[in-house]
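Thanks for coming. Please have the sequence and the model up on your screens while I talk.

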Amino acid sequence: METVEKQISKAVISRLPRYYRYLGELMEDGVERISSNELSQRMRVTASQIRQDLNNFGGFGQQGYGYNVKYLYTEIAKILGIDRQHNVIIIGAGNLGQAIANYSSFEKRGFVIKGMFDINPRLIGLVVRGIEIRGVDDLETFIVENEVQIAALTIPKTKAPEIADRVIRAGVKGIWNFAHVDLNVPDDVVVENVHLSESLMRLCYRVCSMQDDENGEKGTS
Ligand code: NAI
């Protein structure tokens, strides 16, 4: 599988979670197989894009049969690495950290939130959906003992670089970064930035462009 993974472009990988979500819904609806055309209609992407994307993995589809939904779902899970458990911690147990901790569906994807950390003494000791909030003093020990691979950073941007260094030194390989700062990490560590405000700005641009177009059309008529 390693050789396959190396050839897959980042663009295809970035689309896999969406395929995975749709295939999961199909399975819930009891659908066992689906053609690229049907999947294309549901997902609103072209059938040729679907065929191209899924052919990257040796072609899960069969002519005249379509795709075996469960098989494809399982294979995509393997490719994304979500067919196994990943231990996660959340650093910063404020509004955002607690919202993430309260979202139980991450566990269905194999992401198990092992612990939360904060520096606010009023939060330390509280329990959110069964997850205890701890002080950051025992952060490194906790990471090692719980084989934590992923750390979500929901702390102020001024604190994020130092905390990122600490978790990386303790063995964390993936940082899910919500703090508004670009982190410098070693080559064997990956960062996924999640910035809702950037997404909102992109949406704003599209809404505004649409309005400008409409106004332009009205102006010219
Ligand atoms: P919040 O103030 O409710 O929570 C932040 C928590 O981090 C507090 O409980 C604080 O005690 C803790 N903290 C501060 N320094 C720490 C350290 N060194 N170690 C451990 N914990 C520490 O703020 P909120 O709303 O939860 O936002 C958290 C961060 O996420 C902020 O930086 C905010 O700008 C950012 N944010 C990012 C979003 C995104 O889409 N990327 C969306 C919303 C917030």
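Start with helix α9, residues 160–169. Its buried residues are Ala160, Ile163, Ala164, Arg166, Val167 and Ile168. Buried means under 20% relative accessible area, exposed means over 50%, and partly exposed is in between, with a 1.4 Å probe and protein chains only. Helices here are DSSP runs of H or I with at least four residues, strands are runs of E with at least two, and both are numbered from the N terminus.

What do the buried residues of α9 pack against? They pack against β4 (86–91), α8 (139–145), β8 (150–153) and β9. Contact means heavy atoms within 4.5 Å. Just after α9 comes Gly171, with a positive phi of about 120°.

A word on the source. This is a predicted model: local features need pLDDT of at least 70, side-chain atom pairs count only at pLDDT 80 or more, and totals for chains, interfaces and linings use all residues. Residues are numbered from 1 along each chain as its sequence is written, and side-chain values use heavy atoms, with hydrogens and water left out.

Now the aromatics. Rings of Phe, Tyr and Trp (its six-membered ring) pair if their centres lie within 6.5 Å; planes under 30 degrees apart are stacked, over 60 edge-to-face, and the rest tilted. By that rule there are five aromatic pairs. One of them joins Tyr103 and Phe106: the ring centres are 4.7 Å apart and the planes stand at 80°, so the pair is edge-to-face. Phe106 also pairs with Trp176, again edge-to-face, at 5.6 Å centre to centre and 90° between the planes. Phe106 sits in helix α7 (residues 105–108) and Trp176 in strand β9 (residues 174–177), so this pair ties together parts 70 residues apart in sequence.

Tyr103, Phe106, Trp176 and Phe178 form one aromatic cluster.

Ser40 is in helix α3 (residues 36–43). Its relative accessible area is 14%, so Ser40 is buried. Leaving aside neighbours within four places in sequence, Ser40 is in contact with Val45, Thr46, Ala47 and Ile50. Ser48 is in helix α4 (residues 47–55). At 39% relative accessible area, Ser48 is partly exposed. Asn37 is eleven residues from Ser48 along the chain, and their C-alpha atoms are 8.6 Å apart.

Step back to the whole chain. The domain assignment gives domain 1 (2–80) and domain 2 (86–197). Those bounds come from an automatic or database domain assignment. How far apart are the C-alpha centres of the two domains? They lie 31 Å apart.

The protein chain has ten helices and ten strands. Its C-alpha trace spans about 60 × 55 × 35 Å along the principal axes. Of its 221 residues, 36% count as buried. Among contacts between residues at least 6 apart in sequence, 55% join residues at least 24 apart.

Last, charge. There are 26 positive and 29 negative charges, and their mean positions are 3 Å apart. Lys and Arg count as positive, Asp and Glu as negative; His and the chain ends are not counted. Each charge is placed at NZ of Lys, CZ of Arg, CG of Asp or CD of Glu.
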